[in-house]
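Subject: Structure for you to look at

Hello,

Here is the structure I said I would pass on. My notes on what turned up in it follow below.

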Amino acid sequence: MRVRFLGTGTSFGVPVIGCPCAACSSDDPRDRRTRHALLIESDDEALLVDTPPELRLQLVDAGVGSVDAVFLSHEHADHTHGIDDLRVFSARRGEPLPLHIAREFEAEVRSRFDYIWGDDARAQPGSTIPQLDLRPFEDRDVIRAAGLELRVIAYPHGTYRSYGFRVGGLGVVIDGKSIPEDAMPMLEGVEVLIINALWFGDPHPGHFSIEEAVEASRAVGAERTYLTHITHRSTHAEIERRLPPGVEPAFDGQVIEL
Ligand SMILES: [Zn+2]
Ligand SMILES: [Zn+2]
Ligand SMILES: [Zn+2]
């Protein structure tokens, strides 16, 4: 299994528009963070996790020509508003692309993207809309997507919830604030943990801080941990320097093997 970090930034992205801080004006390419997306590749299939606003640019940069299924962690704009870029895949397949999302977000996503799923949804002559086969799941379901078996886990995310999963030796925690106690055994002993972490210091109501993410990584006993959904408060180099062995900040374009 191979994981590509397509986007590792928080909702504002890095650089933040008009911000002169050290991370936003850095020359280090690792300090350019687009909004969150992952690609998980196994054998000859690929699962896309989230459809952020920069999706097209991310896929072009990574040389990705096909995707077999999509998993949306939750309905926040930074994770969903690139959904229209999926139409290239459904057009190329000639059939709808499976899109997995928690049942609790189904109605919201259907109404927000009414032009895709509404009663009158159809492409104008000469144009296309994404053809997406929406497949709702519940917390703790085991789902098959792009040839992978995902064990779904819901994480508290402020007043919301966000969904990740365990697949093989990989644990994914996107936009969570904590790992529910009864989900800990599902993530125990992962080879790789991918976990959202905003910044060093003050706690945020909806996300792990970097310190909290490091603690969660220890609690599950992850061999290697990659932080994502990172803000501009610190540069990549600074975060790297301050983390303990086995934990590192991910960067856009990074590829890891399991
Ligand atoms: Zn987010
Ligand atoms: Zn900044
Ligand atoms: Zn969110």
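Leu47 is buried, since 25 other C-beta atoms lie within 10 Å and 20 or more are enough to count as buried. Please keep in mind that this is a predicted model. Leu47 sits in strand β3, residues 45-49. Leaving aside residues up to four places away in sequence, Leu47 touches Ile40, Asp68, Ala69, Phe71, Ala145, Ala146 and Leu148. Val70 is 23 residues from Leu47 along the chain, yet their C-alpha atoms are separated by 5.7 Å.

**The sheet**

An open sheet of 7 strands runs in the order β6-β5-β4-β3-β2-β1-β14, with mixed pairing. The edges are β6 (132-137) and β14 (255-257); each has a single partner strand, so one side of each has no neighbour in the sheet. From one strand to the next the twist averages 20°. β3 pairs with β4 (residues 69-71) in the parallel sense, over 3 bridges, and Leu48 stands opposite Val70 in β4. Helix α1 (residues 55-62) packs on the sheet, touching β1 (2-7) and β2 (37-42), and its direction makes about 135° with that of β1. Helix α4 (residues 103-112) lies across β5 (97-102) and β6, at about 115° to β5.

**Helix α7**

In α7 (residues 210-220), the buried residues are Ile210, Ala213, Val214, Ala216, Ser217 and Val220. They are on the same side of α7 because they cover an arc of only 160° around the axis. Their cover includes β11 (192-196) and α8 (236-242). Glu215 and Ala219 are exposed, on the face turned away from the buried side. Just after α7, Gly221 has a positive phi of about 75°.

Regards

Methods
Residues are numbered from 1 along each chain as its sequence is written. Chains are lettered from A and ligands numbered from 1 in the order in which they are written. This is a predicted model: local features need pLDDT of at least 70, side-chain atom pairs count only at pLDDT 80 or more; totals for chains, interfaces and linings use all residues. A residue is buried if 20 or more other C-beta atoms lie within 10 Å of its own, exposed if 12 or fewer, and partly exposed in between; C-beta atoms are placed from the backbone. Helices (H or I, at least four residues) and strands (E, at least two) are DSSP runs, numbered from the N terminus. The arc is that of the directions from the helix axis to the C-beta atoms. Two residues are in contact if their C-beta atoms, placed from the backbone, lie within 7 Å. Two strands pair if DSSP finds at least two bridges between them. Axes are lines fitted to C-alpha atoms, for helices over the stretch in contact, and angles run from 0 to 180 degrees between N-to-C directions.
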